[in-house]
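Here is a short report on one predicted model.

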Amino acid sequence: MTVVHPNLEKTDAKMSAREVSVYYGDKKAIDEVSIDIPTKYVTAFIGPSGCGKSTFLRTLNRMNDTIPSARVEGSITLDGEDVYRSKMDVVQLRARVGMVFQKPNPFPKSIYDNIAYGPKIHGLASGKTELDEVVEKSLRRAGLWNEVKDRLEDSGTALSGGQQQRLCIARAIAVDPEVILMDEPCSALDPIATAKIEELIDELNGSYAIVIVTHSMQQAARVSQRTAFFHLGKMVEYGRTSDIFTNPLEERTKDYITGRYG
Ligand SMILES: Nc1ncnc2c1ncn2[C@@H]1O[C@H](COP(=O)(O)OP(=O)(O)OP(=O)(O)O)[C@@H](O)[C@H]1O
């Protein structure tokens with residue numbers, strides 16, 4: 001059972017998970033998790049290593065489909081539509097629910113093509129002028145335009161780690177997503193690059209539903225308005241970030257945020 005903070009106000013849910021369990025073969029990695037992902041907030045998933053944060057995050061855009069042993073039970077909806085229905089177009093789903101990974105993973109293509117690829121295959125821009133506009137707009141939103149505008153033909157992989165991660169965020173934004181999932185997006189970055197990503201998350205907050213998995217409680221406290229604490233595959237506690245950090249209700253949450261384990 002998840003403890004939900006009693007004073008948590010109701011907000012519009014972009015995505016809803018109900019009694020979601022995830023198995024790798026016979027091993028249950030997620031145990032009946034139910035949560036609403038608010039439309040307008042940043043939600044942080046925290047918890048000790050191996051508790052299932054990334055596994056649960058990946059269920060939200062069916063990234064687990066790529067792992068043959070993984071099986072998902074329960075229901076996940078996006079604007080009320082079943083994400084796991086057989087007719088779901090998974091490519092379309094992953095455009096609506098974009099993802100940014102731990103390690104920046106730009107395509108081995110130019111900076112321009114990294115951004116232009118998605119809008120091209122999803123038919124979001126007709127002609128070069130429109131595509132140029134989408135590329136510029138996405139790079140501006142990701143706070144990268146001024147750094148790369150004179151080198152759009154350089155390879156995306158030639159950028160610094162922090163720039164590559166902002167390029168990956170720009171790539172996700174370019175296809176006009178509704179949700180952005182971030183799986184420890186700063187874990188490979190230095191403190192300055194991390195601060196830039198956190199600023200960017202702040203700027204994007206409100207335009208997209210954002211979910212971030214993080215090992216850093218300071219980061220969760222800085223960037224999120226909702227926090228879910230996971231432990232051994234269960235979602236133990238969920239509430240406003242300020243409540244989770246200042247007034248945790250469960251012993252296990254208290255132990256984790258006071259650094260007793262993790
Ligand atoms: N591809 C996989 N095949 C089998 N088991 C897996 C796979 N991926 C994760 N697991 C297992 O599922 C459990 C949850 O792992 P997961 O990576 O989701 O946790 P996490 O909380 O994100 O951990 P971390 O913070 O270390 O990234 C762990 O026991 C892990 O070993």
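A residue counts as buried if 20 or more other C-beta atoms lie within 10 Å of its own, as exposed if 12 or fewer do, and as partly exposed in between; C-beta atoms are placed from the backbone. The model is predicted: local features need pLDDT of at least 70, side-chain atom pairs count only at pLDDT 80 or more, and totals for chains, interfaces and linings use all residues. Residues are numbered from 1 along each chain as its sequence is written.

**Helix α4**

Helices (H or I, at least four residues) and strands (E, at least two) are DSSP runs, numbered from the N terminus. The buried residues of α4 are V134, V135, S138 and L139. They cover an arc of only 120 degrees around the axis, which puts them on the same side of α4. The arc is taken from the directions from the helix axis to the C-beta atoms. An α-helix has 3.6 residues a turn, so residues three or four places apart point the same way. Facing away from the buried side are the exposed residues T129, E130 and E133.

What do the buried residues of α4 pack against? Their partners are α3 (111-121), α5 (145-148) and α6 (161-174); contact means C-beta atoms, placed from the backbone, within 7 Å.

The expected span is 1.5 Å times one less than the number of residues. For the 14 residues of α4 (residues 128-141) that gives 20 Å, and the end C-alpha atoms are 20 Å apart, which agrees. G143 follows α4 and has a positive phi, near 70 degrees.

Two strands pair if DSSP finds at least two bridges between them. An open sheet of 7 strands has the order β1-β11-β10-β4-β9-β8-β7, with mixed pairing. β1 (3-4) and β7 (97-100) stand at the edges with a single partner strand each, so one side of each lacks a neighbour in the sheet. α6 packs on the sheet and touches β7 and β8 (179-183).

**Record entry**

UniProt lists residues 15-257 as "domain: ABC transporter" in an unreviewed entry. UniProt positions follow the numbering used here, feature names are shortened, and annotations may be inferred rather than shown by experiment. In the model, this span is 37% helix and 27% strand, and its end C-alpha atoms lie 27 Å apart.

Notes: Contact = placed C-beta atoms within 7 Å. Axes fitted to C-alpha atoms, helices over the stretch in contact; angles between N-to-C directions.
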